[in-house]
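Please view the sequence and the model together while reading.

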Amino acid sequence: MATMEECRSALDKLSDNLAQADDGVRSAAALDRSLSCHITDLDITFTGRLAGGRIDVRDTFDGPPRERAEIRLAMTGDDLVAMVGGELNFARAWASGRVRLEAGFRDLIRLRKLL
């Protein structure tokens with residue numbers, strides 16, 4: 001099972017990957033939205049913002065998200081680490097229910113480029 005530190009490191013790497021991505025992916029991630037990522041097996045939540053094509057993690061706390069972020073992710077720590085490491089395809093994990101992504105309709109349309 002991935003640790004909290006490994007999950008935080010994976011989110012930082014994901015942020016770096018988004019910042020270095022090609023124009024299509026970078027423009028899809030160029031939203032300015034609140035973000036939460038609930039790691040279900042550790043029962044911790046990372047919160048922050050997706051802004052300027054980067055993820056800025058601002059807080060970590062125990063339990064599910066306390067507030068409803070505009071973009072909400074939920075998955076196990078192992079799945080987060082595997083996705084960022086390129087071992088798990090996000091679209092397949094989302095389609096199978098291993099990863100939950102919730103956002104407004106317009107944001108989902110824009111974020112589909114990341115899939």
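## A pair of side chains

With which residue does Arg58 form a salt bridge? The partner is Asp56, and the closest N and O atoms are 3.0 Å apart. A salt bridge here is a side-chain nitrogen of Lys or Arg within 4 Å of a carboxyl oxygen of Asp or Glu. Arg58 is exposed at 56% relative accessible area, while Asp56 is partly exposed at 38%. Buried means under 20%, exposed over 50%, and partly exposed in between (1.4 Å probe, protein chains only).

## Basis of the model

The model is predicted: local features need pLDDT of at least 70, side-chain atom pairs count only at pLDDT 80 or more, and totals for chains, interfaces and linings use all residues. Residues are numbered from 1 along each chain as its sequence is written, and side-chain values use heavy atoms, leaving out hydrogens and water.

## Bridges between elements

The whole structure holds 7 salt bridges. In one of them, Arg54 meets Asp16 at 2.6 Å, N to O. Arg54 belongs to strand S3 (residues 54–62) and Asp16 to helix H1 (residues 4–20), so the pair ties together parts 38 residues apart in sequence. Helices (H or I, at least four residues) and strands (E, at least two) are DSSP runs, numbered from the N terminus.

Glu102 forms a salt bridge with Arg72, with 3.2 Å between the closest N and O atoms. Glu102 lies in strand S5 (residues 100–103) and Arg72 in strand S4, so this pair ties together parts 30 residues apart in sequence. Arg72 is buried at 14% relative accessible area, whereas Glu102 is partly exposed at 37%.
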